[in-house]
Amino acid sequence: MKKLLLVAACALIDADGRILLAQRPEGKAMAGLWEFPGGKVEAGETPEASLIREIAEELGIAVKEACLAPLTFASHTYTDFHLLMPLYVCRRWDGVVTQREHAALRWVRPQAMRDYPMPEADIPLIAHLQELLR
Ligand SMILES: Nc1nc2c([nH]c(=O)n2[C@@H]2O[C@H](COP(=O)(O)OP(=O)(O)OP(=O)(O)O)[C@@H](O)[C@H]2O)c(=O)[nH]1
């Protein structure tokens, strides 16, 4: 089997029930696609700690572990690796969401998510969020 890559990702949800999508920047794999904030879980790190770290780095906000609720996961084979990606949802954080590492950030209504091209692994996750937020 290909190398298993563990990535933790989070759907931030605002008071209007919109979801934060973040556009991958030029120069990275899958540049231009819209993803959930998050990243690779490092050795010795829990998925939750990894996500809290990545969200602080990428978006400049502070999330508490108690505010991360598991929703579903992606399990998807890419050319070079197999991605296992737990998806959390979070409705509470401290600070203001700020674009730091992505090309763009967008708050998107659940029914509009399919207008934003996402990595292949993310496609099955859209229906879970639409169901949660309808
Ligand atoms: N954060 C995030 N990563 C995703 C999503 N969907 C998806 O396939 N991925 C993949 O999971 C991996 C996440 O790694 P990453 O964001 O930490 O790393 P990266 O590709 O930016 O590279 P680098 O940080 O090593 O330079 C990438 O291969 C990315 O394409 C998603 O919704 N969010």
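A residue is called buried if 20 or more other C-beta atoms, placed from the backbone, lie within 10 Å of its own. By this criterion, 28% of the 134 residues of the chain count as buried. The structure is a predicted model: local features need pLDDT of at least 70, side-chain atom pairs count only at pLDDT 80 or more, and totals for chains, interfaces and linings use all residues. Residues are numbered from 1 along each chain as its sequence is written.

The chain holds two helices and seven strands. These are DSSP runs, numbered from the N terminus: helices are H or I with at least four residues, strands E with at least two. Their order along the sequence is β-β-β-β-α-β-β-β-α. The radius of gyration is 14 Å, close to the 14 Å of the globule rule for 134 residues, so the chain is as compact as a globular protein of that length. Here the radius is taken over C-alpha atoms, and the rule is 2.2 Å times the number of residues to the power 0.38. Along the principal axes, the C-alpha atoms fill a box of roughly 40 × 35 × 30 Å. Of the contacts (C-beta atoms, placed from the backbone, within 7 Å) between residues at least 6 apart in sequence, 66% join residues at least 24 apart.

The ligand is surrounded by 14 residues, each with its C-beta atom, placed from the backbone, within 6 Å of the molecule. The closest are Glu35, Phe36, Gly38, Gly39 and Pro119. Strands S1 (3–12) and S4 (38–40) each supply at least two residues of this shell. The largest share, three residues, comes from S4.

Technical notes. A residue is buried if 20 or more other C-beta atoms lie within 10 Å of its own, exposed if 12 or fewer, and partly exposed in between; C-beta atoms are placed from the backbone. Two residues are in contact if their C-beta atoms, placed from the backbone, lie within 7 Å.
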